[in-house]
Amino acid sequence: MLSLFLSLLAITCFGLETYEDYSVVRFHEMSDESVAFLEAEDLDVWQTNKLEGWADVMIHRDQLEKYLNLYPAYKVVYENVQEEVNRSLEENEKARLASVGKPFAFDHFPTPAEVRAYMTQTANDYPNLVTTINIGNSYGGNPIGGLRLNSGSPNAPRFILQCTIHAREWITTTTCAYIIDQLLTVDTNLLQYYNWIIIPVLNVDGYAYSHSSSRLWRKNRQPGSSCVGTDLNRNYGQGWGGGGSSPDSCSETYRGTSAFSGPEVARERDYIQNLNIAAFVDIHAYGGLFMSPWGYTSAYPPAADYNEMDRLMTASCNSIRGVNGASYAYGSSYHTIYQASGGSNDWTYGYLGVVPSFCIECRGTTFTAPISQITPIGREVYAGIRTLALQVYANYQQ
Ligand SMILES: [Zn+2]
């Protein structure tokens with residue numbers, strides 16, 4: 001009965017956009033040029049890993065043969081992407097329905113309304129530690145909310161964490177919430193050291209769309225010349241317009257008409273650019289990576305800065321490994337995940353001078369992570385953030 005109910009739910013609620021005709025393939029032995037070629041073909045490149053030389057790509061059935069012939073070292077990840085989407089949505093909806101009326105307990109991926117309720121409830125539960133913030137409105141006019149956590153000086157430096165700049169990376173939303181939870185219930189000393197600014201969903205329009213209409217939506221919902229959506233993590237000002245970003249509005253890596261043409265990142269820029277920032281971390285999924293600038297160029301930051309970035313990444317990744325044994329690879333974005341221009345942490349480092357500016361890709365093999373991974377991923381990423389916060393604070397004391 002439950003399965004009948006869930007399949008009816010799947011038909012009525014889910015999959016307004018269907019991925020029946022799409023497969024996901026992992027191509028191996030991929031050069032920089034091959035990855036750039038696939039991106040230029042307007043394919044949806046789910047994830048890349050330059051250290052291991054692979055790229056996961058979603059391809060329509062009619063084009064599959066062409067690309068499999070071009071890059072014969074491949075493995076099919078999902079023959080029919082919709083089957084995987086249905087599996088994950090059904091699992092999630094069942095868990096969500098079982099949790100209605102209870103406090104959020106990291107047992108499902110929350111709807112946009114549930115994220116807002118979680119933030120309001122957390123601020124109500126911890127009135128002396130937590131303040132809700134609103135950095136401004138999205139393209140669609142929706143407030144971009146977050147929480148500020150602090151128990152020390154209101155002038156303490158900011159530790160900025162943002163999640164879900166890419167709409168479909170749902171496990172990042174829960175990871176930001178998990179970090180909030182741990183800071184408030186376990187490591188409350190860290191609230192004295194910093195003003196934590198935590199934004200669980202930066203791309204609020206895209207996130208809502210990934211729930212209502214198109215599970216694998218990545219960009220914001222701003223119309224371009226031919227297609228909808230700017231890739232907000234190609235829209236920041238540092239190196240904007242360079243390689244690993246597209247001028248084509250139909251591309252999944254469309255960079256927008258100019259730096260900060262995406263209202264969501266423009267509002268973020270306005271909100272943070274005059275703050276005293278100790279650290280900035282942008283959390284993505286998937287693949288298990290911890291990355292520093294630069295993403296837009298193969299050059300490394302000056303040695304004094306990069307040595308510090310490397311030291312912090314080493315310490316954080318050691319802590320991550322200590323939780324579940326997962327090894328996150330680390331290094332500069334360009335050399336870790338392939339070139340990407342106009343990314344968030346290139347800008348916070350390049351324009352704002354924040355040396356601890358990182359981008360994390362949560363561990364996993366898909367955007368449709370099972371709900372059983374919400375807590376393990378939250379725990380390990382939190383361990384990395386905790387170590388980063390302690391190390392950066394120790395620097396302040398010197
Ligand atoms: Zn991402």
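Predicted model: local features only at pLDDT ≥ 70, side-chain atom pairs only at ≥ 80, totals over all residues.
The chain is divided into two domains: domain 1 spans residues 21-79, and domain 2 spans residues 104-397. Their C-alpha centres are 26 Å apart. Where the two domains touch, domain 1 contributes 13 residues and domain 2 contributes 16 residues. On the side of domain 1 that touches domain 2, α2 (32-40) and β2 (44-49) each provide at least two residues. The largest share of that side comes from β2, with six residues. By class, the residues of this side of domain 1 comprise five nonpolar, three polar and five charged.

The strand β2 also belongs to a sheet. Four strands, in the order β2-β3-β1-β4, form an open sheet whose pairing is antiparallel. Because β2 and β4 (74-78) stand at the edges and each has a single partner strand, one side of each is left without a neighbour in the sheet. From one strand to the next, the twist averages 25°. Within this sheet, strand β1 (residues 22-27) pairs with strand β3 (residues 54-60) in the antiparallel sense, over six bridges. Arginine 26 stands opposite aspartate 56, which lies in β3. Helix α3 (residues 61-70) lies across β1, β3 and β4, and it runs at about 145° to β3.

A second open sheet contains eight strands, in the order β5-β6-β8-β7-β9-β12-β10-β11, and its pairing is mixed.

Strand β9 (residues 277-285) and strand β12 (residues 357-362) run parallel and are joined by six bridges. Isoleucine 283 has isoleucine 360 in β12 as its bridge partner. By contrast, β5 and β6 run antiparallel, and six bridges join them. Here glycine 146 in β6 is the bridge partner of isoleucine 133. The strands β5 and β6 form a hairpin with five residues between them, and glycine 141 in the turn has a positive phi of about 85°.

A helix accompanies this sheet as well. Helix α9 (residues 263-272) packs on the sheet and touches β5, β6 (143-149), β7 (158-163) and β9. The direction of α9 makes about 130° with that of β5.

The description turns finally to a pair of helices. Helix α6 (residues 170-185) packs with helix α13 (residues 374-397) at an angle of about 60°, and their axes are 8 Å apart. The two helices α6 and α13 are therefore oblique to each other. Their crossing is right-handed. From α6, the residues Ile171, Thr174, Thr175, Tyr178, Ile179 and Gln182 take part in the contact; they meet Ile374, Ile377, Gly378, Val381, Tyr382 and Ile385 of α13. By class, the contact of α6 with α13 has eight nonpolar and four polar residues, with no charged residues.

Definitions and conventions
Residues numbered from 1 in each chain as written. Domains from an automatic or database assignment. Contact = placed C-beta atoms within 7 Å. Nonpolar A, V, L, I, M, F, W, Y, C, P; charged D, E, K, R; others polar. Axes fitted to C-alpha atoms, helices over the stretch in contact; angles between N-to-C directions. Parallel < 35°, antiparallel > 145°, perpendicular 65-115°, else oblique. Left-handed = near helix turned anticlockwise from the far one by under 90°. Pairing = 2+ DSSP bridges.
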